[in-house]
Amino acid sequence: MAAADSDPILRVDHLTMRFGGLTAVGDLSFTAGRNDITALIGPNGAGKTTVFNCITGFYKPTEGMITLRHPDGGEYLLERMDDFRIAKHAKVARTFQNIRLFAGMTVLENLMVAQHNRLMIASGYTFAGIFGAGSYRRAEREAIELSKFWLDRVGLSERADDPAGDLPYGAQRRLEIARAMCTEPLLLCLDEPAAGLNPRESEDLNRLLLSIRKEQGIALLLIEHDMSVVMGISDHIVVLDYGQKISDGSPAEVRADPAVIRAYLGVDEEEAPADIVAEALGAAQQEDRP
Amino acid sequence: MVEKVGAAATQNPLDPAAILKDTAITAVIAFAIFGPIVGLKTVAIGNGLALEQRWGTVAALVAIVAAGRLLINLFGVGAASSYLKLHALRVGIIAAVAGALMIFLSLAAGQLPVVGLPLLPPVVIAWLTIIGPIFLFGGVWLIYVSFAQKNGGAAASKALRDTSAYGRYFGIALLIAAIILPFIPGIDRRVMDLGILMLTYVMLGWGLNIVVGLAGLLDLGYVAFYAVGAYSYALLSTIYFPIWFGEGIIPWAFWLVLPIAGFLAALWGIILGFPVLRLRGDYLAIVTLAFGEIIRVILINWYDFTGGPNGISDIPRPSFFGIPFTNDENGFAATFGLEYAPIQRIIFLYYVILALALLTYFVTMRLRALPVGRAWEALREDEIACRSLGINTTSTKLTAFAIGAMFGGFAGSFFATRQGFVSPESFVFMESAIILAIVVLGGLGSQLGVVVAAIVIIGAFELFRELDFLVAVMPAGFDPVQYRMLAVGLAMVLIMRWRPRGLVTRREPTVYLKEKKAVSADLVAQGHG
C-alpha cells in the first residue's frame, strides 16, 4: 500500500465517462501500485468494465486523466492513446469478460499472435521475413520458447497444437491470461478472470496470479465478483457503485466499510449484522494470504 | 437397420391423405414457380409485344415435379438411403464400373478406333456421355463414403489429418500436370487457352483469398484491381513507354510494367482500404462493390485517357525476354533453332501465368507464417482481441488489401498482354462475382480449394461450348452455351448444400510444437468484414 501511494504505476484522476445522459463513471480517482494486485469490485452495472475500457483505450473518457508510469520514468497519458498503442507502447495487456480467443487458430498460434509487434520488427516489417532472414527465424524460435514457457505455466502444454476453440472453458480463461502475458506487459488487466470457474479452478487461478505478480514483477488490475479471489489475493480494493467510488483501501478496510455493506446488501448499516456482512464479503477472509 | 427415416410422410408410409396433401402442395409450389416463368412468353409482333401462353409445357413440368414427389413419398428417400448406407461399397463399385464402361463406350463409338464395336446411334452415345460420368462419380463417392464409415467417428480426426496429406499429394500431382501440360501430345491451342484462362482465375482466386479468406474482409470489387493492372500495362506499353524510352523498349515492356502494375494496383488497394476501414460485413461488401463499378465507369467515361468504351488495342505481345515470337530470323524460333509455330507464344504465355500464379501461391504461404499473415487471420477471428494485443488493425487491413490487390494487378497486366486489347467490358461485376465464387466454393482460406474450384467453374463454363452431343437428345433449337450459367448456379447450390464451408474445410496451422493438426472449419471464423 505504501508503495502504491509513493510510486503508482497507474494513476486515474477524475475519470468521467458519459454515454449520452448516462454517467457510467463519475469523477473516479484511484491509483494502482507498481507491484500490487488491485481489485475493482462493485455490484452489477457499477461501471467496472467501463473503467477497464477507458484504461485500455477501448473507450475515450469524457473527462479525466489516466497516467501510466514505466519504471524508467516514461509517462503515458492513456486517455489520449489508441487502444492498440496502449498495448504496444504503454504495455498494458487485458483479458475480456466474454473470452475473446482466436478460436480457429491453435493455442500456440494464439500466443504467437500476441508477440506480433516484436516479431514484426524481427521480420523487417515482413520484407526480410519473406526472404527467410536468419534474424527472423531466430526471433520466431524465441517467440515459440516464450509461448512454451507460458503454456507450461498455465498447464496447457499438452494442448499446444489444438484449436483454441476446442478447449474447455477454464482452459480458455487460462489461455487468455497466457496470451496477455505473452505481450510482456507491465500492467495486466483481468476482467472477471474467475467467472464460470469451479472452486478448485479459481484456487489455481489465485496461485497463478500471485506467481505472475511475484515472478514477473508486474502490476495486476482485476475486476472480479468471486470474493474468494478478490479477498484472497488483492493488496488493494476499489469499490464502485453507480459509477462512483464508495470505498478504497486494503481488503480488511473495505470489508469493514459501512458504505460497501450498504451497496452490497442494500440495507442500513445498523440493520446489517456484522456476521452477514462477513459472509457476503469474504468467506475467503480466513484463508491466509501467502 | 430400419432406423429413423427422413421424409415426413414416411412416418406413416401408407397414409394416402398425407401423401396426397404433400404431393398437392408440391404441385402448387411448382405451378407458382413455373407458371409465370415458363407459361407466359412475350413475343414481338410488329411494333408491339404479345403474350404467348404455354400452359401445356407448364402442365408437363408440374406433372413431372408432382410425380417425383409422389414417388419419394411412396418409396421414401429414407429407405433408399438406408439401403445405400448398408451396401455403399457394393453399389458404389457397380456404379463406378458401369459409369466407366459407359464413358468408354461413348468415347469408343465416337472416336477411338476400337475394333468390332457396333455403330451406336448418336442418341445412345449422347445419353451414355451424360449418364456415364454421373455413375462414375457417384460410385467413387459411395466407395469413399463406405470407407469413411468404416473408419468411424473415433478416427475422424485422424482421417482429417490423412486427407490433408492426400491434399498435399493431390496438389503436387496437379502442379506436375500443369507443368507438363503443353508437352502432352494432342494438346492443342484450345486446351492451352483454357489452361491459361484457368490459371488466371486461380491466380485471381489466390489473390482475393488473402483479403477474403485470410483477413476476412468481404471484397466484392476485386475486379477493379484486375482492371488497374490491365490498363496500367495497356497505357504504359502503348503510349507512355515509347514516348519516355523510345520504341526499343517495347519488347521489354511487359517485364518492366509488371511490377509497376502491381504497385499501382496495391496503391488503389490502399486507396480503397482507407474509407472502408471502419466498415464491416454487409456495408464493406456494398462499398467494395461500388468501388469496382466506379473504376469501370471511369474507364468508360475518361475517353481521352482510357479510350472509353473502345478500349485500347494493339497492346504489345510479350516477348521471350526481349526476343519476339515472330517468324523471322530475329524471332524466338530462329534464335533457338526451332521451327516457327504460333503455339510457341501460347506456351510461353501459359508458363508466364503459371509462374505468376505460383509466385502468388508461395508468397501467400510465406506471408501466412509471418507475423503479418497471423495478424490477418487473427483479425478475421476477433478484431477487438487483436487491438488488445497491440496489433495495429488499420495497417493490417491495409496490407491485406494492398497485397491482394497487387496480385490482381499482376494478373491484369498478364490479361492485357495476352488479349492484346482491353476494354471496360472485361471488368464487369460478374468477374468479381466469379472470382469470389471460386474462393467461397474452394473454401475460405484454402489454397488447394481455390485451384479445384477454378478448374470446376471455368472448366464448366467452357465445357458447355463442347456439349454438341446434347443437341441430339434435346429438342430442336437447343443451345448448350445458353445453359452454362444455370448449370454453374446449380453446382453452387449443390456444393453449398453439402459443403457449406466450401470444398476444403480445414485450416492448416502455421506453426506447431509436436504435431500439425488441422483445424476444423466449424471453429474458424468467417470474418465480419
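Predicted model: local features only at pLDDT ≥ 70, side-chain atom pairs only at ≥ 80, totals over all residues.
Two strands are said to pair if DSSP finds at least two bridges between them; helices (H or I, at least four residues) and strands (E, at least two) are DSSP runs, numbered from the N terminus. In strand 4, A:L68 is the bridge partner of A:L10, and A:I66 is that of A:V12. Strand 1 (residues 8-19) is also joined to strand 2 (residues 22-33) of chain A, by 8 bridges, and these two strands run antiparallel. A:L10 has A:A32 as its bridge partner in strand 2. The hairpin of strands 1 and 2 of chain A has 2 residues between the strands, and A:G20 takes a positive phi near 60 degrees there.

Together, 4 strands of chain A form an open sheet in the order 2-1-4-5, with antiparallel pairing. Strand 2 and strand 5 (75-77) stand at the edges with a single partner strand each, so one side of each is left without a neighbour in the sheet. Neighbouring strands are turned by 15 degrees against each other on average, direction ignored. Helix 2 of chain A lies across strands 1, 2 and 4, running at about 115 degrees to strand 1. Contact means heavy atoms within 4.5 Å; axes are lines fitted to C-alpha atoms, for helices over the stretch in contact, and angles run from 0 to 180 degrees between N-to-C directions.

## The six-stranded sheet of chain A

A further open sheet of chain A has 6 strands in the order 6-7-8-3-9-10, with mixed pairing. Strand 6 and strand 10 (244-249) stand at its edges, each with a single partner strand, so one side of each lacks a neighbour in the sheet. The twist averages 15 degrees from one strand to the next. Strand 9 (residues 236-241) and strand 10 of chain A pair in the antiparallel sense over 5 bridges, and A:D248 in strand 10 is the bridge partner of A:V238.

Helix 7 (residues 169-182) of chain A lies across strand 6 and strand 7 (187-191), at about 160 degrees to strand 7. Helix 11 (residues 258-265) of chain A lies across strand 3 (37-41), strand 9 and strand 10, at about 130 degrees to strand 10.

## Aromatic pairs and charges over rings

The whole structure holds 24 aromatic pairs over all chains. Rings of Phe, Tyr and Trp (its six-membered ring) pair if their centres lie within 6.5 Å; planes under 30 degrees apart count as stacked, over 60 as edge-to-face and the rest as tilted. The ring centres of A:F58 and A:F96 are 6.0 Å apart and their planes stand at 85 degrees, so the pair is edge-to-face. This pair links distant parts of the chain, 38 residues apart. A:F58 is partly exposed at 22% relative accessibility, whereas A:F96 is buried at 5%. Buried means under 20% relative accessible area, exposed over 50%, and partly exposed in between (1.4 Å probe, protein chains only).

Both rings also carry a charge: the charged end of A:R94 sits over A:F58, 5.2 Å from the ring centre, and A:R100 lies over the face of A:F96, at 5.6 Å from the ring centre. The criterion is NZ of Lys or CZ of Arg within 6 Å of the ring centre and within 35 degrees of the ring normal.

## Basis of the values

Residues are numbered from 1 along each chain as its sequence is written, and chains are lettered from A and ligands numbered from 1 in the order in which they are written. Local features need pLDDT of at least 70, side-chain atom pairs count only at pLDDT 80 or more, and totals for chains, interfaces and linings use all residues, while side-chain values use heavy atoms, with hydrogens and water left out.
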